[in-house]
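Here is a short briefing on one protein chain. Look at the structure first, then work through the points by topic.

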Amino acid sequence: MIYTVTVNPALDYVLQLPEVKDGETNRSNDTQFLAGGKGINVSQILNQLGVDNTAWGFVGGFTGEELIRQLNVKKINSDFVRISDDTRVNVKIHAQEETEINAAGPDITDQEVAAFKARLDDLKEGDVVVLSGSLAPSLPTDFYESLLPVIREKGAEFVVDTTGEALLRTLKFNPLVIKPNHHELADLFGTSFNTTADMLEAAKKLLEKGAQNVMISMAGEGAYLVTKDHVYHANAAKGTAVNSVGAGDSMIAGFVGTWFESHDPAEALRVGSACGGATAFTEDIAVKSQIDAVLPQIKIDTVE
């Protein structure tokens, strides 16, 4: 089983209108509520790929009930811890510009945290846990890191979608894959890359520190995957990018879901690149038909 973790999900309130006039009453011509969260995005893509998964996290109040209802409509299996505080609402305004107002998130009690950590008792060898997204303000900054020893003791793999020092602290636990973009990778070493060879050398240093696979996203230049045996490159799909939100989550989902079923890193890179591209070309998280349309464009070359 793959478990996705969204500890601070949101009910996104999306308003469409031609333009927003400051200081005036504005009327939206379309509104909708959407279940939001990086782990939830991963679950959506895994569902489209036909890979069994369960969404974990915290939900509360009437907003949490609506979020769960939406997951049920999408047939996303979930086992969230119910909390006493309300799941946050984020406001997304799509007008002449896109504006977002994101709430901080609920207060989560020690008892509710303990109930979540008890979920880890269900893990078995070969499971994968994908941890992604912001933390609720009441959770400690090392919350994700605190889960990793238990995940590894259970024989499960994990992915933490984070950057900087928080990413480096996960390496000693041997993450299945990390996904910095080329700028984030350079920042990890306090440098800039003059050549692709320099970039790949830095990725190999992360393997030495404990990462099992390093996937480097490079936007229009595709992506690299560095493993202990090979270096692979995937070209970028051709299309009009209309949505950057969720593309990285989709790429991780495609990689993890494919690796989970095949243990083939090159194929995992191919499907991950297709999922990321498909989401970038749509206004929402991609569906199977969109992924299938992009997949034939993605070619994998073995660089080393």
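Are Phe 143 and Tyr 144 buried or exposed? Phe 143 is buried, and Tyr 144 is buried too. Keep in mind that this is a predicted model.

**Aromatic rings**

- The structure contains six aromatic pairs.
- One of them joins Trp 56 and Phe 116, whose ring centres are 6.3 Å apart.
- The planes of Trp 56 and Phe 116 stand at 85°, and over 60 degrees counts as edge-to-face, so this pair is edge-to-face.
- Trp 56 sits in strand S4 (residues 53–60), while Phe 116 sits in helix H3.
- Trp 56 and Phe 116 are both buried.
- A further pair is formed by Phe 143 and Tyr 144, with ring centres 6.2 Å apart.
- Their planes meet at 55°, so the pair is tilted.
- Ring pairs also build a cluster out of Tyr 3, Trp 56, Phe 58, Phe 116, Phe 143 and Tyr 144.

**Helices H3 and H4**

- Helix H3 covers residues 110–118, and helix H4 covers residues 143–153.
- They pack at an angle of about 40°, and their axes are 11 Å apart.
- The crossing of H3 and H4 is right-handed.
- From H3, the contact uses Val 113, Phe 116 and Lys 117.
- From H4, the contact uses Phe 143, Ser 146 and Leu 147.
- By class, the residues of this contact are four nonpolar, one polar and one charged.
- Phe 116 and Phe 143 take part in this contact, and both also belong to the ring cluster.

**Helices H1 and H8**

- Helix H1 spans residues 38–48, and helix H8 spans residues 247–262.
- Their axes come within 8 Å and cross at roughly 50°.
- That angle makes H1 oblique to H8.
- H1 and H8 cross in a right-handed way.
- On the H1 side, the contact residues are Lys 38, Asn 41, Val 42, Ile 45 and Leu 46.
- On the H8 side, they are Asp 249, Ser 250, Ala 253, Gly 254 and Gly 257.
- The contact of H1 with H8 divides into four nonpolar, four polar and two charged residues.

**Helices H8 and H9**

- H8 also packs with helix H9 (residues 265–280), and their axes come within 7 Å.
- The axes cross at roughly 150°.
- Angles over 145 degrees count as roughly antiparallel, so H8 is roughly antiparallel to H9.
- The crossing of H8 and H9 is right-handed.
- H8 brings residues including Met 251, Phe 255 and Trp 259 to the contact.
- H9 brings residues including Pro 265, Leu 269, Val 271 and Cys 275.
- By class, this contact holds 10 nonpolar, seven polar and one charged residues.
- Ser 250 and Gly 254 of H8 meet H1, and Ser 250 and Gly 254 also take part in the contact with H9.

**Positive phi angles**

- Lys 75 has a phi near 60°, a positive value in a residue other than glycine.
- Lys 75 lies in the loop between helix H2 (61–73) and strand S5 (81–83).
- Its relative accessible area is 69%, and over 50% counts as exposed, so Lys 75 is exposed.
- Ala 219 is not a glycine, yet its phi is positive at about 50°.
- Ala 219 is in the loop between strand S10 (214–217) and strand S11 (223–226).
- Ala 219 is exposed, with a relative accessible area of 66%.

**Two partly exposed residues**

- Leu 135 belongs to the loop between strand S8 (128–132) and H4.
- Leu 135 is partly exposed, with a relative accessible area of 23%.
- Leaving aside neighbours within four places in sequence, Leu 135 is in contact with residues including Val 7, Asn 8, Phe 143 and Tyr 144.
- Leu 135 and Pro 106 are 29 residues apart in sequence and 9.9 Å apart in space, C-alpha to C-alpha.
- Lys 209 is in helix H7 (residues 196–209).
- Lys 209 is partly exposed, with a relative accessible area of 48%.
- Not counting residues up to four places away in sequence, Lys 209 touches Leu 171 and Lys 172.
- Lys 209 and Glu 184 are 25 residues apart in sequence and 17 Å apart in space, C-alpha to C-alpha.

Notes:
Residues are numbered from 1 along each chain as its sequence is written. This is a predicted model: local features need pLDDT of at least 70, side-chain atom pairs count only at pLDDT 80 or more; totals for chains, interfaces and linings use all residues. Side-chain values use heavy atoms; hydrogens and water are left out. Axes are lines fitted to C-alpha atoms, for helices over the stretch in contact, and angles run from 0 to 180 degrees between N-to-C directions. Helices (H or I, at least four residues) and strands (E, at least two) are DSSP runs, numbered from the N terminus. A crossing is left-handed if the near helix is turned anticlockwise from the far one by less than a right angle, and right-handed if clockwise. Contact means heavy atoms within 4.5 Å. Ala, Val, Leu, Ile, Met, Phe, Trp, Tyr, Cys and Pro count as nonpolar, Asp, Glu, Lys and Arg as charged, and the others, Gly among them, as polar. Rings of Phe, Tyr and Trp (its six-membered ring) pair if their centres lie within 6.5 Å; planes under 30 degrees apart count as stacked, over 60 as edge-to-face and the rest as tilted. Buried means under 20% relative accessible area, exposed over 50%, partly exposed in between (1.4 Å probe, protein chains only). Angles under 35 degrees count as roughly parallel, over 145 as roughly antiparallel, 65 to 115 as roughly perpendicular and the rest as oblique.
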